[in-house]
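Subject: Structure handover

Hello,

My notes on what turned up follow it.

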Amino acid sequence: MAISIELLIAGYYLFKKHLKTNFALAVFAFTALLDSLFSSTGLFTSLLPLNATIILVGCALVSFWLSFSHTFALGRISMVGAFGSFILGTTVELFFNLWTV
């Protein structure tokens, strides 16, 4: 559910052309990709069905492309922002899959 909410927030920011759009897209992308990565490596069992995982990984790849390519002229994401989105995405993913079980 957290992945869907992150996608909704990133989509809203993109629609409004907010300055935090690239950061929100990167957080969603890291969270969605880490969910499938952790699930495939056996770190935890994902609650998402396989078809939802495939769709979210596709959306995550598009989100990475949008957030790092300066597509909508909203400013490039900085290295600090990219690292921060990775840390936040990892924290969200681990929190909802390890500490809430």
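The largest pocket is lined by M1, A2, I3, T31, D35, S46, L47, L48, V92, E93, F96 and N97. A pocket here is an open set of points on a 1 Å grid over the protein atoms alone, where a 1.4 Å probe fits, with protein on both sides within 12 Å along at least five of seven lines; lining residues have an atom within 4 Å of a point. Its space is about 230 Å³, taken as the volume filled by probe spheres set on the points, which are joined across faces, edges and corners. Helices α1, α2 and α4 each give two or more residues to the lining. The top contributor is α4, with 4 residues. By class, the lining has 7 nonpolar, 3 polar and 2 charged residues (Ala, Val, Leu, Ile, Met, Phe, Trp, Tyr, Cys and Pro are nonpolar; Asp, Glu, Lys and Arg are charged; the others, Gly among them, are polar).

Two notes on provenance. This is a predicted model: local features need pLDDT of at least 70, side-chain atom pairs count only at pLDDT 80 or more, and totals for chains, interfaces and linings use all residues. Residues are numbered from 1 along each chain as its sequence is written, and side-chain values use heavy atoms, with hydrogens and water left out.

The largest nonpolar core has 10 residues: I3, A26, F28, A29, F30, A32, L56, A60, F64 and I77 (a set of buried Ala, Val, Leu, Ile, Met, Phe, Trp, Tyr and Cys residues joined through side-chain atoms within 4.5 Å). The largest share, 5 residues, is from α2.

S63 lies in α3 and counts as buried because its relative accessibility is 5%. Leaving out residues up to four places away in sequence, S63 touches L25, F28 and A29 (contact means heavy atoms within 4.5 Å). S36 lies in α2 and, at 18%, also counts as buried. Beyond its neighbours within four places in sequence, S36 is in contact with T53 and V57.

Regards

Methods
Buried means under 20% relative accessible area, exposed over 50%, partly exposed in between (1.4 Å probe, protein chains only).
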